[in-house]
Amino acid sequence: MSAPAIVARNITVRFRPLVDRKPTLRRSLGRLQHREVEELVALDDVSVEIKKGEAFGIVGRNGAGKSTILRVMAKTLRPDEGTINVYGKTSTLLQLGVGFNAQLSGRRNIYLGGLAVGLSKKEIDGRFDDIVTYADLWDAIDRPVRTYSSGMFSRLAFSVGMAIEPSIMLLDEVLAVGDEAFREKSMQTMRELLARAGTIVFVSHSLPSVAEFCDRAIWLDKGKIVAIGEAESVVEQYRSRVTHKTR
Amino acid sequence: MSGRGDCMAGRNPNLIPSAKRDAAGSLGRRGQDRPYLAIPTPSGGRDKRSVSDTGLWRCLSAVSSYTPLAMSAPPSTVRRLFPASRNYIRDLWARREFAWYLAMGNLKARNATTTLGLMWWVLNPLLLGAVYWLVFGLLFDRGQVDNEFDFLPFLLSGIFAFFFTQQSMTAGVNSITSNAKLLANISFPRLALPLSALLESFVGFVTSIGVYFLIVGPVNGIWPGVQTLWLFPTILLHLIFNFGLATLVARIAVPFRDLNNLVPYFTRLWLYLSPILYPPSFLEGQPAWVHFTMGLNPLNPFLALYRHAMVGMPVDLGGALLGASAWAVAIAVVGGFWFVKYEGRMARYV
Ligand SMILES: Nc1ncnc2c1ncn2[C@@H]1O[C@H](COP(=O)(O)OP(=O)(O)OP(=O)(O)O)[C@@H](O)[C@H]1O
Ligand SMILES: [Mg+2]
């Protein structure tokens, strides 16, 4: 058995969003004293163990808590209860283009994005050519990013995310854009990462790609694990439940 | 971070129940999820830094809640009680280039679409000075300050210094709330964001000092000299003071967004209540309580020091340095610690 990469134990996350009801003067004043809160359990006692070299899928309906559990793994959200252990250098592609400034050139944004994910200036200098070549954007690199198509943008962002040479990648719906060629290329890169005993956590609404790409998967619903196991069987269960409901 | 075990504080059960299932029967394949066992920390997961949290660091870290997000290795008792702020400062230091690029990126982006582009760096303080000079120099002709010093250098030195503070606050108040994407995706010492805002305003301020001497040199014959060296301690203290203000407003604005709207009014009031458009001697003849209240303004010692360095006005150097230091340290300590104490929860509110 290979070593664990991510161990999440009994993770519970609760949000307390302000309830937005019709504002009245009395309510607004009352809000100053005790804010009207309604607790929302985004993750309810979730435990998973993800191993090195594994591609792990997460499926579930909108609002099931998929992004939330990735944020816990990325350590940008502290769980209310439970512990999370992460062993390795994480690249978090929860959203693409974090740290980018659309007004600035692609060149500048490689530095902004690279520094944001924790690379040093020197490291980016060394990897700059590879990043641009990988994204295949040499002819657009000095143009402001706001003039990029969304596919070009995500290619650049994905390349920057890969540049930190992560051993763990957290992907939240980020491969949905990009053309066929680039998708194939990024899949290839991810397979190489897995072959090097890297770990990928993959959130996607594209069930075929989860079934095909992932070894294991969980199905989350309303913050709880409904099923955990081999990716194909989890996807199959999820699919049958969803089609059953809509029928 | 590679190869090291990272751990978040919290409940630490020895045995983990296997994943809960709502629909117990709906599970196809059980063999796949073996019962979880307590996972021993991998051999590489020891943290060498967990030794000797001593003295000052303990005191500092006692108020820091940063560690739960970024702490490494299973916490020892010492670490649990005194989360390490040494790590915080080290992580922050590792982010210095990021803070700098973020600041410069914002500065560049602001003028990226304008025709004059980077000229605006110089034009902004120039126009700012021109507006106030038109109104308060020409319209309300103040003549000379204390019958001795030209009004123009007096005005510009005060205005430029004040706008450094104002810019730090307006950039600082947005520094967390406008970077929600960074907060949601990447774990780093959040202090890097108000610091970046501070850098951004600092670059503008340094430019405006250059513009100042370009104006008052030919016009009033004030050129940089030995006296000007007093700018260095003054700016240092002013930086610390503005750092405190930026963190303070950044912290408050997270749960209380209204501050974004309030800051411009607050700074305008502060401008009028400070001896910037009028000299301190303007208050002569006022009752004692007015003098007392106006004397509480933290900007007074800073302005006095700037006028000393840039205009050559006499100042009680010891008193001004002491006052400026006291305000700078007090605000920076309060703002900085309060910010760091809160930062673990910030991601939930942006
Ligand atoms: N910052 C927040 N404040 C309040 N509630 C939140 C916050 N972030 C998420 N939630 C809530 O937590 C629940 C889980 O959200 P999450 O983003 O994890 O869903 P998801 O599974 O990623 O959905 P999707 O498929 O639409 O991306 C939702 O009910 C959402 O409203
Ligand atoms: Mg999501």
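**Aromatic pairs and salt bridges in a predicted model**

Phe163(B) has a relative accessible area of 17% and is therefore buried, a class that covers values under 20%, with exposed meaning over 50% and partly exposed in between (1.4 Å probe, protein chains only). The model is predicted: local features need pLDDT of at least 70, side-chain atom pairs count only at pLDDT 80 or more, and totals for chains, interfaces and linings use all residues. Residues are numbered from 1 along each chain as its sequence is written, chains are lettered from A and ligands numbered from 1 in the order in which they are written, and side-chain values use heavy atoms, leaving out hydrogens and water.

Phe162(B) and Phe163(B) form an edge-to-face pair because their planes stand at 75 degrees, with the ring centres 5.9 Å apart. Phe162(B) is buried, at 2% relative accessibility. Phe266(B) and Trp270(B) make a tilted pair, with 5.5 Å from centre to centre and 50 degrees between the planes. These two residues are four apart in helix α11 (residues 259-273) of chain B, so about one helical turn separates them; helices (H or I, at least four residues) and strands (E, at least two) are DSSP runs, numbered from the N terminus. Phe266(B) is partly exposed at 43%, whereas Trp270(B) is buried at 10%. Elsewhere, ring pairs connect Tyr111(A), Phe128(A), Trp138(A) and Tyr101(B) in a cluster.

Ten salt bridges are counted over all chains, each being a side-chain nitrogen of Lys or Arg within 4 Å of a carboxyl oxygen of Asp or Glu. One of them joins Arg14(A) to Glu81(A), whose closest N and O atoms are 2.7 Å apart. This pair links distant parts of the chain, since Arg14(A) belongs to strand β1 (residues 4-15) and Glu81(A) to strand β4 (residues 81-87) of chain A, 67 residues apart. Glu81(A) is partly exposed, with a relative accessible area of 28%.

In chain B, Arg110(B) and Glu200(B) form a salt bridge with closest N and O atoms 2.2 Å apart. Arg110(B) lies in helix α5 (residues 96-111) and Glu200(B) in helix α9 (residues 192-220), 90 residues apart. Arg110(B) is partly exposed at 49% relative accessibility, while Glu200(B) is buried at 10%.

Key: Phe/Tyr/Trp six-rings, centres within 6.5 Å; stacked < 30°, edge-to-face > 60°.
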